[in-house]
Amino acid sequence: MDLKLYDTHARTLRPFQPLEPGKVGLYACGPTVYDYAHIGNLRTYLFGDTLRRVLELNGLAVHHVVNITDVGHLTSDGDTGEDKMEKGARRTGRSAWEIAAYYTAAFRADLARLGIREPALWARATDHIPEQIAFIDEIARRGYAYTTADGVYFDTGKLEDYGHLARLNSAGQRAGHRVELGEKRAPTDFALWKFSRTGERRQMEWDSPWGRGFPGWHIECSAMSRKYLGALFDIHIGGEDHIPVHHTNEIAQHQACHGHGPARYWLHGAFLQLDGGDKMSKSSGDFLRLATLEERGVDPLAYRYLALTAHYRSPLAFSWPALQAAQTALNRLRQAYHALPAGGAADPAWRAGMLGELNEDLNTPRALALAWELIKSPLEGSAKRATLDWLDGALGLGLENWRPAEVEVPEAVRELIAARQQARADERWKDADALRAAIAQAGFAVRDTAEGPVAEPLPA
Ligand code: AMP
Ligand code: ZN
């Protein structure tokens, strides 16, 4: 296997070797379904989809599991604050269960519009409460947990290399990062189970050996990944914000029970940033959804194209002009592809070159650049098209299925076109030029074909 992936745990590029030949277990941390996904979240799922597609292009069968966090994700990483689901329920006036179902469906619709393939399995946290309780029980029986007035906590001081993934300092903290201690023994200790507050009636709560309450956020991924992929699986992915807390704690939970982390490779996607370099976050309330892009006339796949122009480990700055440029490039790529004849076979040399780039830690910007070089190359047309088809298996731009939109040409424009035809027939060239300019003013270009003039809308 020539695939190399950057493993955050080892902080280096490593050749990928699956545990079982020909198969890959892949776990991705999924959305917290208390609100719509913003396009930053979607960048992370585009990265996951690209990884999966490249693994498949290498002939591997990928078992892809994604969780849905519908309980236990608190508004603060320090285990204080409110459950995001209960907060979302209050905001919308609907039940936590209703908003979980609603935003899960909205999330899946976003994925479909971006050409992101559904995982083999969606694992919902609330469907796996017994598995989470069993996992916590194992941790507790091995002596890695203690109970406080508000919950059961993981004792991170018991693990020698706690925080290795994030290269946390010896106090287990990121420099300059303050965490509320409360009754916790160490700032990095984290909730495995939180008790419902006395007198409080939560919408989502369960009985447990320790008291009525709900699971902490990190235990769901440990319990569900183990259930579906085994105690050791190939690749675990997520956004880079998961490195210091969520994934660090998943590793700790696994180490307590198994003596090793859950995954052999850890990959993290860099954030999408807003114009000023701010990170786009769900909780800030001001975020761009895929629907916002569509309202402005942008094709969701243009956002996919934009994401492919940056390496997944590089931050990507979002701007409307960059998105517009991606839309224009995608349109050109589609037109170039559809101008090529079908029926050829992919060119082995080009294919090897493209796979070489993708296998270099998913270098999609280089693979895209090769697509453009291929189009300009002297290779025979049908071979170009077949090679692009093959590459699109990794890019996911849906080139083959694209059809130009049927545009309504307004009556006034049709009259201008007819007048221009007449002017040309009369060899009144100045008039014909003036009419072409008037047609452009109205937002259309005229292309003269063997079947007569064709009007095409000009880009906005
Ligand atoms: P959440 O729904 O908040 O749990 O986040 C879902 C996924 O989106 C996680 O893997 C996060 O790491 C990721 N994420 C959050 N914000 C961004 C962002 N601005 N850019 C890229 N990924 C993000
Ligand atoms: Zn997770």
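# Values against cut-offs

Q: Where is Arg167 found?
A: Arg167 is found in the loop between E7 and E8. The model is a predicted one. Arg167 has a positive phi of about 50°, although it is not a glycine.

Q: Why is Arg167 called partly exposed?
A: Its relative accessible area is 36%. Buried requires under 20%, and exposed requires over 50%. The value of 36% falls in between, so Arg167 is partly exposed.

Q: Why is Glu427 called exposed?
A: Glu427 has a relative accessible area of 58%. The cut-off for exposed is over 50%, so Glu427 is exposed. Glu427 is found in the loop between helix H13 (411–425) and helix H14 (429–441). Its phi is also positive, near 60°, in a residue other than glycine.

Q: What makes Tyr27 and Phe233 a tilted pair?
A: The ring centres are 6.3 Å apart, and the limit for a pair is 6.5 Å. The planes make an angle of 50°. Stacked needs under 30 degrees and edge-to-face over 60.

Q: What parts of the chain does the pair of Tyr27 and Phe233 link?
A: Tyr27 lies in strand E3 (residues 23–28) and Phe233 in strand E10 (residues 233–239), 206 residues apart. Tyr27 is buried, and so is Phe233.

Q: Why is the pair of Trp97 and Trp206 called edge-to-face?
A: The planes are 75° apart, and edge-to-face means over 60 degrees. The centres are 6.4 Å apart, within the limit of 6.5 Å. Both conditions hold, so the pair counts as edge-to-face.

Q: What parts does the pair of Trp97 and Trp206 tie together?
A: Trp97 lies in helix H3 (residues 96–113), and Trp206 in the loop between E8 and E9. The pair therefore ties together parts that are 109 residues apart in sequence.

Q: Why does Trp206 count as buried, and what class does Trp97 fall in?
A: Trp206 has 18% relative accessibility. Buried means under 20%, so Trp206 is buried. Trp97 has a relative accessible area of 42%, which makes it partly exposed.

Q: How many aromatic pairs does a search of the whole structure find?
A: The search finds 14 aromatic pairs. Ring pairs also link Tyr36, Tyr102 and Tyr103 into a cluster.

Q: Why does the pair of Cys221 and His246 tie parts of the chain together?
A: Cys221 lies in helix H5 (residues 217–229) and His246 in helix H6 (residues 243–258), so the pair ties together parts that are 25 residues apart in sequence. Cys221 is buried, and so is His246.

Q: What makes E1 and E2 paired strands?
A: Two strands pair with at least two bridges between them. Strand E1 (residues 4–7) and strand E2 (residues 12–15) have 4 bridges, in the antiparallel sense. They therefore pair. Leu5 stands opposite Arg14 in E2. E1 and E2 form a hairpin with 4 residues between them, and Arg11 in the turn has a positive phi of about 55°.

Q: What makes E6 and E9 edge strands?
A: The open sheet has 4 strands in the order E6-E7-E8-E9, with antiparallel pairing. Strand E6 (145–147) and strand E9 (213–215) each pair on one side only. The twist averages 20° from one strand to the next.

Q: How many bridges join E7 and E8?
A: Strand E7 (residues 151–154) and strand E8 (residues 190–195) pair over 4 bridges, in the antiparallel sense. In E8, the bridge partner of Tyr153 is Ala191. H6 lies across E7 and E8, at about 85° to E8.

Q: Which residues have the most contacts inside the largest nonpolar core?
A: They are Phe16, Leu51, Leu55, Ile235, Leu267 and Tyr303, in a core of 65 residues. Its largest share, 8 residues, comes from helix H1 (residues 39–57). Leaving aside neighbours within four places in sequence, Leu51 is in contact with Leu5, Leu26, Ile235, Ile237, Leu267 and Leu362. A second, separate core of 52 residues includes Tyr27, Ile139, Val152 and Ala223.

Key
Residues are numbered from 1 along each chain as its sequence is written. Chains are lettered from A and ligands numbered from 1 in the order in which they are written. This is a predicted model: local features need pLDDT of at least 70, side-chain atom pairs count only at pLDDT 80 or more; totals for chains, interfaces and linings use all residues. Side-chain values use heavy atoms; hydrogens and water are left out. A nonpolar core is a set of buried Ala, Val, Leu, Ile, Met, Phe, Trp, Tyr and Cys residues joined through side-chain atoms within 4.5 Å. Buried means under 20% relative accessible area, exposed over 50%, partly exposed in between (1.4 Å probe, protein chains only). Helices (H or I, at least four residues) and strands (E, at least two) are DSSP runs, numbered from the N terminus. Contact means heavy atoms within 4.5 Å. Axes are lines fitted to C-alpha atoms, for helices over the stretch in contact, and angles run from 0 to 180 degrees between N-to-C directions. Rings of Phe, Tyr and Trp (its six-membered ring) pair if their centres lie within 6.5 Å; planes under 30 degrees apart count as stacked, over 60 as edge-to-face and the rest as tilted.
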